[in-house]
Amino acid sequence: MKFEPVIGLEVHAQLLTRSKLFCGCSTQFGAPPNANTCPVCLGLPGALPVVNREAVAMAVKASLALGCHVNPVSIFARKNYFYPDLPKGYQISQFDRPVGEHGTVRIFSGERNETGKIVNRTEKAFGITRLHMEDDAGKSVHEGLPETSSKSYVNLNRTGTPLVEIVSDPDFRSSQEAYDYLVHLRKTLLYIGVCDGNMEEGSLRCDANVSVRPAGQEKLGVKVEIKNLNSFRFLQHALDYEIARQIRVLEEGGHISQETRLWDEAEGRTFVMRSKEEAHDYRYFPEPDLLPLKLSPEWIAGIEAGLPELPGAKMNRFVAEYGLSADDALLLTSSAASADYYEECAKASGNPKASANWIMGDLAFVLKNAGKDMEDCPIPAADVAELIRTIDSGKISGKIAKTVFEEMARSGEKPGAIISRMGLEQVSDEASLGAAIDKIIAASPKQLAEYRSGKTKVISYFVGQVMKETRGQANPQVVNDLLQKKLAG
Ligand SMILES: [Zn+2]
């Protein structure tokens, strides 16, 4: 029997506000333990929460960017559970009336072939069930092994930091689709500037719900939740493992139990964290200390009007405006910085295709080696554009351009300065090229005889020799024309 996986993702994104969701404490990462706390986020009796307007604006922005309907009235709710790093004994979240609902994202998603390459990318639509706001818990820090003498500390700096939880519909049918969705989600949040997307620092955290069902069956299988998938790689590995595990259990006649599992990357498997019986009953109820959150249509419209061009729209525009392939456009719009860099280069060079090739090829290589992102690219887009114009004008060859580019990356000089300093200009002058050609012909009687006996393919030997003689600076077209004349006698 063939099985089909059904996957949904729940993503927590930390909002980039300077202060917490319900108090004025700083959200700065890396402050001394418990420095960023006050009676509100410490959960002291009598302290009352006040909603951070900027956090609401960011949640609305994210909702709109993900195609969600923004509810004009949403309700904060208490989510009750005990945890040492949750001093209130509850999180303030949203339950039946979240800020955003019923969204759709259109993503250019493909499948992985046996070699790991992504192929057959097409546009697919995935649903977003809801986007709600909540405050984060603190952090427990453990020292030593639990079996021996050990200590645990509680750091409440993160307590009360604003989060949005974005819940997808169970629309993904492969780990690759879930992966592509998470990439898109992260990219969108970065484009609109509401989250830094840093998965290692926990600004973006992902849980996945996975089930499998016989292909063609409508009814969903029993789902398993995998928690804390804090990298793209872990998400894909965990999903692939879990899908295979569930199929194996069913094929052996077993049953899947509803449970929460964790991914162990070192061991390459998921393991049970808690079963359904141990699951929390959060006893949600409306937060009595906060009024319903009412948003005026004008305020929402203002936020919508301020949205930047979103990744999907930008990608489609790059295809239409610059004649790029969808794959290239997807890559070049992977960040706003990369897209801006490309556009500047394409416009200034007048050669969109060459701009794409240089940025995705040589420039990407330089950045990768330097461990840098496009945000701190050492070569200005205007310089790459100048290099392209220099090639297109015939001043240097494409081959020499590689040398110039390496030098640009090393020294930071402008291409024009490098070409003059190193004397790299292309030689198109017939007199000097003619002399070089005569020299080569004179030194190659055997090849000359071959050419004249009709083996005209041997011309490539002569071209190679002339290029060598001129250190790659000869204009290949001029060399070719001259050679044909001279070889014919
Ligand atoms: Zn506080």
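This is a predicted model: local features need pLDDT of at least 70, side-chain atom pairs count only at pLDDT 80 or more; totals for chains, interfaces and linings use all residues.
The secondary structure of the protein amounts to 15 helices and 16 strands. The radius of gyration is 30 Å, well over the 23 Å that the globule rule gives for 489 residues, so the protein is more spread out than a compact globule. Along the principal axes, the C-alpha atoms fill a box of roughly 100 × 55 × 55 Å. Of the 489 residues, 35% are buried.

The chain may next be considered by domain. Domain 1 covers residues 3-299, domain 2 covers 309-422, and domain 3 covers 430-487. The centres of domain 1 and domain 2, taken over C-alpha atoms, are separated by 36 Å. Where these two domains touch, nine residues of domain 1 are in contact with 10 residues of domain 2. On the side of domain 1 that touches domain 2, strand S6 (100-112) and helix H2 (175-191) each contribute at least two residues. Helix H2 gives the largest share of that side, with five residues. Sorted by class, this side of domain 1 holds four nonpolar, two polar and three charged residues.

Asp 376 is found in the loop between helix H8 (352-370) and helix H9 (381-392). There are 10 other C-beta atoms within 10 Å of Asp 376, and a residue counts as exposed if it has 12 or fewer; Asp 376 is therefore exposed. Between the C-alpha atoms of Asp 376 and Val 478 there is a separation of 40 Å, and the two residues lie 102 residues apart along the chain.

Helix H14 presents both buried and exposed residues. In this helix, which spans residues 459-469, the buried residues are Phe 462, Gln 465 and Val 466. Viewed down the axis of H14, these buried residues fall within an arc of 100°, and they therefore line one face of the helix. On the other side of H14, the exposed residues Ser 460, Gly 464 and Lys 468 are found. What, then, covers the buried residues of H14? The cover includes helix H12 (430-443), helix H13 (445-452) and helix H15 (476-487). After H14 comes Arg 471, which has a positive phi, near 50°.

Key
Residues are numbered from 1 along each chain as its sequence is written. Domain bounds come from an automatic or database domain assignment. Two residues are in contact if their C-beta atoms, placed from the backbone, lie within 7 Å. Helices (H or I, at least four residues) and strands (E, at least two) are DSSP runs, numbered from the N terminus. Ala, Val, Leu, Ile, Met, Phe, Trp, Tyr, Cys and Pro count as nonpolar, Asp, Glu, Lys and Arg as charged, and the others, Gly among them, as polar. A residue is buried if 20 or more other C-beta atoms lie within 10 Å of its own, exposed if 12 or fewer, and partly exposed in between; C-beta atoms are placed from the backbone. The arc is that of the directions from the helix axis to the C-beta atoms. The radius of gyration is taken over C-alpha atoms; the globule rule is 2.2 Å times the number of residues to the power 0.38.
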